[in-house]
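Let's take a walk through this structure together, one spot at a time. Have a look at it first.

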Amino acid sequence: SSYGNGGSSYGNGGSSYGNGGGGGSSYYGRARSADGDRYRGGNGNGNGRYGGGGGGNRGGGGGRGGRGGGRAGPFASDVDECTSNILGLEVDSTFHFFVYTIAFQDANTPNGNGGDTHPRYESSRSRNLKKRLWLGALKDLGVTDLYSKICFFEGTQAFSYYAIPGLEPDQLPKTLSTNKDNLKMVVTDAKHMSVPEELLTKNVDPQEPLSEKYADHSQPSSRSEFLMFVSLALKYHMTSHPKLQVWGRHFIDKVGPLHSQRDDVDVYRAFSIKPMPIKTDDDKFELGFVCDVRAKILRKTTVLELAFEKCRRNGSSHHDFDSREKVMLREAFQGEPVVSITDKRTYVIDDMVFDESPDERVVPNLQMSHTDYFKNRKKIDLKYPALRIMIKCLSRGSSIYLPPELVTLENLEERSRRDLPRIAAFNPQQRSKGHEDMKTFLTTTAADNLNIISRLGISYKEEGFKKVGVRLLRTPTFLIGRGDSPSDAGNLRRRMNAPVQYNAARGEKVPIHVVLVVHRDLMRDDVVRQVYERKVADLINAMGSKFQLGRTPGHDMTVIEHNGSPDDHFGKVNDWSKHVTSGDVNMNGDKKIYFVIDFHKPPVARRQREVEYLAIKKELGAVGCLSQFVNFTNNAHHRPGTRASYSIFQNVNRQILAKCGLNIWRVSIPPELPLPAMFVGLDVCHSPRRMRDRKFERKDSVAACVALIVTSHESDDCIDRVVSCQVQTQDKAGTEVNLEKLIENTIASAVSGREPGSDPLRSCIMWRDGVGDTTVQSTADLESSAIRKAFEDMSISCPLAYVVCQKDISTKFLAMKDSKPYGLKEGMLVDNLNHPDFAQTFYIHGNCPPNSTPKSVRFIVGDKDSELSNVRLEELSWNMCFDYPNWTGPIQLPAPTKMAHKLADVAANLDDLGESLNFKAFQNTLFFL
């Protein structure tokens, strides 16, 4: 089934003449079912999430069973200990290494003594050229193979386990080599590093003393230097392992892909490993290796097979492509990223070459054809060696030619992307086996290959993977409407499906003038009455909220009809928006408030649908008008019997109210948090790289900040909350920094949006997404200072807690019960695996797709004032995961951060990156949902 162990998405109904309906499964159990006889459907008595439905239709119609509501479970929640994928290690007290600082200079500078690095090498400082220069210099110094295996070059430094003869400190600086372009490599400094002082080590008898030449150049290494050296050693060990193959930043098993029944993709296990410092109780740290496994997906269809399909050829065709086919193939494949089937390297197609075949094209410097090269060097016989088609790819600034039958497109086809959460998932048993296999790769190697890890003085603890404590966080309570009693948030979905009453007073009512944009084909079916009045306006107005939708055309409602073409659709909306000013739609003003609801029936072509949607969203965003699109392509909402329609419109109506600014449910927050409180979320959206004019380009990144002010989640006074949001375009694509001004403006806007005489803010919590391990502390220092500055400028004294959220992490946890691995239930907390650089680190588990393993989000407390010392940030973060109005259940991130992520994504998809959005008019609304 889609979600449960038993029944399909809606349970098993009866077949034409067979049994009656069988119920779908619930979360953990299997539903009861009743068999109908041959001609009369039985009653399906499912005890799943939605219960059973009645049957009795002649011909075995069958009743609707309970919907399969289970996920990938069962999950473990009754455990107090779990196993991580962190391999426990012991480091010898004699562990040491040498660091050599290297300068690359251009000998052609005016002074003749070398100057800045030559520009052409600046972008490849740590790449092939300089590595080759370094390895060549080692040979000139007489360094043996053993030395070179434990000597790693990275950027402007070289790390070595042994002291390199000829590079003692008293002989430096020393020029090692100069290439034909007069690029000089000069070693300027050498240091002998021991283990960091705060590292727990295993006492080992000291080795022979070091040369006196290093007496004044020996010192304990910093934690970052130590981890850098260990990381490079791990990378070399994995790269040189005889059973592993490099694929990007991961390593796959040379055995091949996992067994799969799919005909479109191959699934590989991709391993990764990195060192991790773990804080101990005595403020020291120990070393661990994080061993992770994830899926890598490779299309089975090669570029040549796709070319045959596009030209409508069968696989036996060997004649060359004609001029029409050449033009078509160039248009189809130029700029597409591809993956080599042989070595799993990624390239970008620069051109399709049709004047040479693999038999005719000679490999540079080898004087052999591509056919002979792959046959003799790679042991691959090409199927079409004489067919005149080759792929010209870009690789690190140079060109490489490949036969199209040996490469496949990196981008997956639509059905593969749709099934990706299922085919790229590992259940707990598969993930546990992957961790054990990773441990085997680390501890074993070929007989003639050096095990670098053990040579360095690192050994593995007998306990294997580190065990940590775990506990289940309590599910928060919530309130819906006025006068509601607190309920368990686990019942949030069921409560939201029931009638809700907000009971707004008559004087609080805010009329909304609805602008209904309708496709011409839908107008013929009386969609205004059948859908808008019955499924939207009547249901929303019956909730009794302060926002009341108009339903009388010509009075408090406008209907715009278009013929379905993108130009007419956008043109009609654009003409209407010209008569609207930002003052008319300001949610804080007394003037008329407009809300555009677009009943859209877009074409199947996805690109055309997105362009049309984004153009209208941008136009409405510029005038500050709220909007909601409803798609009629996949569901005929105006037809009777559309089963999913009412469920869809429950979500649509909830979204409309949330966009207007209604706090549709209020989640409890820990009583220790001083109120009123400001919750701030910050995230940055990065667009993918695209090939244009033989160069990779990407749109500028967009950062978004959302601030919410909450007075109480326990009273009816919090149905309306202050919301402020801003976006900022980054100066450089891919950057996550320099957001201080954005934060200050958002906070100032939120404070100014409060009613006069409101109680002063007493606390501020910020959740920040998208910060890597190496920049957490520096980012926390800069952005927490920006928050404090914003409050100081407004003469507000407000204690702060700054928390970084990291989603895509390698650390995983499994519970072992009866020697069998289980995933951890959502809400399980690991809080005793701290990083030595930070005051507090904790992990909270979320849910997961079917047949997968729940993953955790790491929360790092980068700053926390003493006034908030008794606030349990792990409990507050978990509760706020239930506060996102687009989902009736917990999400991965706290709601403010998820809102910032959603806003950044919306702005990044607009052609002006959100610069035209009217945030002043959108004050106190969630227009971007």
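Predicted model: local features only at pLDDT ≥ 70, side-chain atom pairs only at ≥ 80, totals over all residues.

Residues are numbered from 1 along each chain as its sequence is written, and side-chain values use heavy atoms, with hydrogens and water left out.

Start with Ser577, which sits in helix α15, residues 566–577 (helices are DSSP runs of H or I with at least four residues, numbered from the N terminus). Ser577 has 2% relative accessibility, so it counts as buried (under 20% relative accessible area, with a 1.4 Å probe and protein chains only). Its side chain reaches the backbone oxygen of Asn574 at 2.8 Å. The side chains of Ser577 and Glu619 are joined by a polar contact of 3.1 Å (a pair of N or O atoms within 3.5 Å, where one must be able to donate a hydrogen and the other to accept it, and residues adjacent in sequence count only if both atoms are side-chain atoms).

Now move to helix α14 (residues 527–542) and helix α17 (residues 645–660), whose axes come within 10 Å and cross at roughly 50° (axes are lines fitted to C-alpha atoms over the stretch in contact, with angles from 0 to 180 degrees between N-to-C directions). That makes α14 oblique to α17, because angles under 35 degrees count as roughly parallel, over 145 as roughly antiparallel, 65 to 115 as roughly perpendicular and the rest as oblique.

Notes: Helix = DSSP H or I, 4+ residues; strand = E, 2+ residues; numbered from the N terminus. Buried < 20%, exposed > 50% of the residue type's maximum accessible area, 1.4 Å probe, protein only.
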